[in-house]
Every structure is written in C-alpha cells, then in structure tokens.
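Notebook open, structure loaded. I'm jotting down what I look up as I go.

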Amino acid sequence: MPETIDIRKKFFKENGRNKFISKSVLDFEWINEIEKGKKTLFIAEGLFNYFTEEHEKEIILAISSSFPDSESVFES
C-alpha cells in the first residue's frame with residue numbers, strides 16, 4: 001500500500017535489486033512494473049494473514065504464472 005511504501009522509503013533505498021511499488025497486491029497491475037525474464041524473489045512478510053484463502057491463491061497464481069523463474073518466501 002502507498003502508506004507502507006512511504007514509511008519503507010525512510011529506511012531503505014531503491015536500487016537495481018529492490019523496487020518499491022505503491023499498489024495493493026490485489027491490484028495486479030503491479031505485475032507490469034516488474035521486469036520479466038529475470039530470476040525474481042518475492043517476499044511477503046505479514047501479508048497473507050490479512051487475506052482470504054481465495055485471495056492468497058490469486059496472488060500466488062498471478063506471481064507464478066507471470067514469473068515462472070521466480071521464488072517466493074512467505075509466512076503461512
């Protein structure tokens with residue numbers, strides 16, 4: 001969410017390896033802001049406990065279908 005990204009930017013810098021996207025994870029337009037064809041690591045810290053199981057599946061499927069060479073780390 002934009003508010004979270006604003007706080008994160010106070011402590012961390014964007015660079016070639018880290019990118020901040022100010023969108024809801026359920027607004028799948030964020031997928032278009034990430035370069036395809038590279039190995040990508042997705043980290044979801046404290047995220048999935050706020051969503052339904054169906055939303056969690058949508059997120060995971062969107063990532064895996066758009067970034068087949070990616071890895072994901074999340075709490076379950």
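Leaving aside neighbours within four places in sequence, which residues is S70 in contact with? I get T40, F42 and I63, where contact means heavy atoms within 4.5 Å.

Ground rules before going on. This is a predicted model, where local features need pLDDT of at least 70, side-chain atom pairs count only at pLDDT 80 or more, and totals for chains, interfaces and linings use all residues. Residues are numbered from 1 along each chain as its sequence is written, and side-chain values use heavy atoms, with hydrogens and water left out.

Entry: S70. I find S70 in the loop between α2 (53-66) and β2 (71-74); helices (H or I, at least four residues) and strands (E, at least two) are DSSP runs numbered from the N terminus. S70 has a relative accessible area of 18%, so S70 is buried. The cut-offs are under 20% relative accessible area for buried, over 50% for exposed and partly exposed in between, with a 1.4 Å probe and protein chains only. I also looked at the side chain of S70, which reaches the backbone oxygen of F67 at 2.7 Å.

Entry: aromatic rings. I searched the whole structure and got three aromatic pairs. Rings of Phe, Tyr and Trp (its six-membered ring) pair if their centres lie within 6.5 Å; planes under 30 degrees apart are stacked, over 60 edge-to-face, the rest tilted. One of the pairs is W30 with F42, edge-to-face at 6.0 Å centre to centre and 65° between the planes. This pair links distant parts of the chain, 12 residues apart: W30 sits in the loop between α1 (2-11) and β1 (41-44), F42 in strand β1. Both W30 and F42 are buried. Next I checked F42 against F67: the centres are 5.1 Å apart and the planes at 55°, so I log the pair as tilted. F67 is in the loop between α2 and β2 and F42 in strand β1, so this pair ties together parts 25 residues apart in sequence. Relative accessibility is 3% for F67, which counts as buried, and F42 is buried at 11%. I note W30, F42 and F67 as a cluster linked by ring pairs.

Entry: strands. L41 has E71 in β2 as its bridge partner.

Note on methods
Polar contact = N/O pair within 3.5 Å; in protein donor to acceptor, adjacent residues only side chain to side chain. Pairing = 2+ DSSP bridges.
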